[in-house]
Amino acid sequence: MGEARIRVIATPGHTPGSVCYLLEHHGRTALFSGDTIMTLTGDLGTYSTYLAPRYRGDPRAYLATLRELEKLPVPDLLLPGHPRVDQQRISAAVSPQQWSSLLESGIANMEQLTARYAADGADFLDGIRKELLPGLHYLGDFSEKAVYCFSNQGSLLVFDAPEGPRFLTFLAQRLEDLGFDLARLSAVVVTSSGPDSVGGLAALLEKTGCPVIAREADWEAIRAACPAANIVPPDSAPGDGTWPPLQPILVEGFQRTLTVYELAWQGKRILVSGQAPLKLTRDRIPMLEQMHFNPGAFLQSLDRVQQVEPELWLPARPVHGQNANLYDGDWQEMLRQSRLYLGMSSR
């Protein structure tokens with residue numbers, strides 16, 4: 001374009017098709033960085049690499065992109081995709097120190113994330129069946145609720161039996177895909193007495209006759225929904241090492257008291273949380289309100305679950321296909337965000 005030259009630079013990572021444009025004019029350069037470098041403060045678009053694959057972020061591609069950008073001469077101007085995100089006016093002129101700092105920081109983050117995915121798996125709860133740990137299976141979603149199963153020594157333990165006449169078929173098929181027989185089901189652990197947890201229980205028990213593990217406070221409601229249920233308390237797990245002890249934690253603030261279960265498996269601390277807590281966003285508050293939600297009581301319950309510090313978190317309703325693995329301050333940040341939105345909803 002006249003005396004100006006524009007180079008198109010492929011920069012996949014944020015999305016497969018991300019590109020930057022480098023404008024060269026009279027010995028000066030300006031980098032139009034799009035979402036690869038989103039703001040003038042140097043925020044990168046790496047958030048997409050922490051989301052489920054359906055959002056198309058790729059940490060390995062992003063890492064390669066940042067290493068390629070590192071080879072470029074430092075641009076005179078950085079023109080990002082979202083400059084208004086910055087809270088103050090910042091010059092578009094970028095120094096060699098600023099350029100080096102933002103790329104080095106991004107490279108370090110992507111190296112850490114790719115190493116974690118390689119070691120622990122990219123365990124996104126995105127509807128695709130996968131083994132999260134040896135013997136711990138995410139079976140996918142039924143009626144918009146995640147279903148989890150443990151297998152050990154030929155026995156199976158399932159959390160919750162969601163409402164719906166097809167749940168038995170769903171569970172049998174997913175277990176068959178793994179080479180398991182439904183007849184091996186040794187117990188169903190329920191996180192509440194509501195239909196989201198026990199709506200599919202009657203058909204499942206008629207088929208298998210397995211016991212139901214639940215808090216005693218829920219027994220009456222469970223028997224009303226499933227009179228034939230053989231219900232046992234959470235501390236009834238066999239002492240032969242087949243199953244680890246289940247530590248129940250009460251979650252209040254709803255029409256029915258919910259139960260979160262903490263357990264240790266394969267050297268990891270795991271939290272199976274049922275309907276709540278969940279990763280809250282503004283659009284999730286109405287979901288809680290439909291559950292006759294009391295923000296004050298729920299906030300007090302968060303103080304109890306805050307002490308757990310799980311390494312894997314298995315909610316009934318994953319948000320954006322969230323990763324089951326938690327690192328650094330992920331758990332505390334989730335609770336902090338929950339308190340923020342709960343405080344907003346209670347005003």
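**Group meeting: helix packing, a cavity and a sheet**

Helix H3, residues 167-177, packs on helix H5, residues 201-208, at an angle of about 55°, and the axes are 8 Å apart. That angle makes H3 oblique to H5. Keep in mind that this is a predicted model.

Who makes the contact? From H3, Phe167, Leu168 and Leu171. From H5, Ala203, Leu204 and Lys207. By class, this contact of H3 with H5 has five nonpolar residues, one charged and no polar.

The largest cavity holds about 40 Å³ of space.

The lining of the largest cavity includes Ala146, Tyr148, Phe159, Asp160 and Thr191. Val272, Gly274, Leu314, Pro315 and Ala316 line it too. Which strands each supply at least two residues of that lining? Strand E7 (145-152), strand E14 (268-274) and strand E15 (312-315) do. By class, the lining has seven nonpolar, two polar and one charged residues.

Last, a sheet. Four strands form an open sheet, in the order E1-E2-E3-E4, with mixed pairing. Strand E1 (5-10) and strand E4 (77-80) are the edges, each pairing on one side only. On average, neighbouring strands here are turned by 20° against each other, direction ignored.

Look inside that order. Strand E2, residues 19-25, pairs with strand E3, residues 28-34. The sense is antiparallel, over five bridges. Leu23 stands opposite Ala30 in E3.

Terms used: Residues numbered from 1 in each chain as written. Predicted model: local features only at pLDDT ≥ 70, side-chain atom pairs only at ≥ 80, totals over all residues. Heavy atoms only, no water. Axes fitted to C-alpha atoms, helices over the stretch in contact; angles between N-to-C directions. Parallel < 35°, antiparallel > 145°, perpendicular 65-115°, else oblique. Contact = heavy atoms within 4.5 Å. Nonpolar A, V, L, I, M, F, W, Y, C, P; charged D, E, K, R; others polar. 1 Å grid on protein atoms, 1.4 Å probe; cavity = no way out; pocket = protein on both sides within 12 Å on 5 of 7 lines; lining within 4 Å. Points joined across faces, edges and corners; volume = space filled by probe spheres on them. Pairing = 2+ DSSP bridges.
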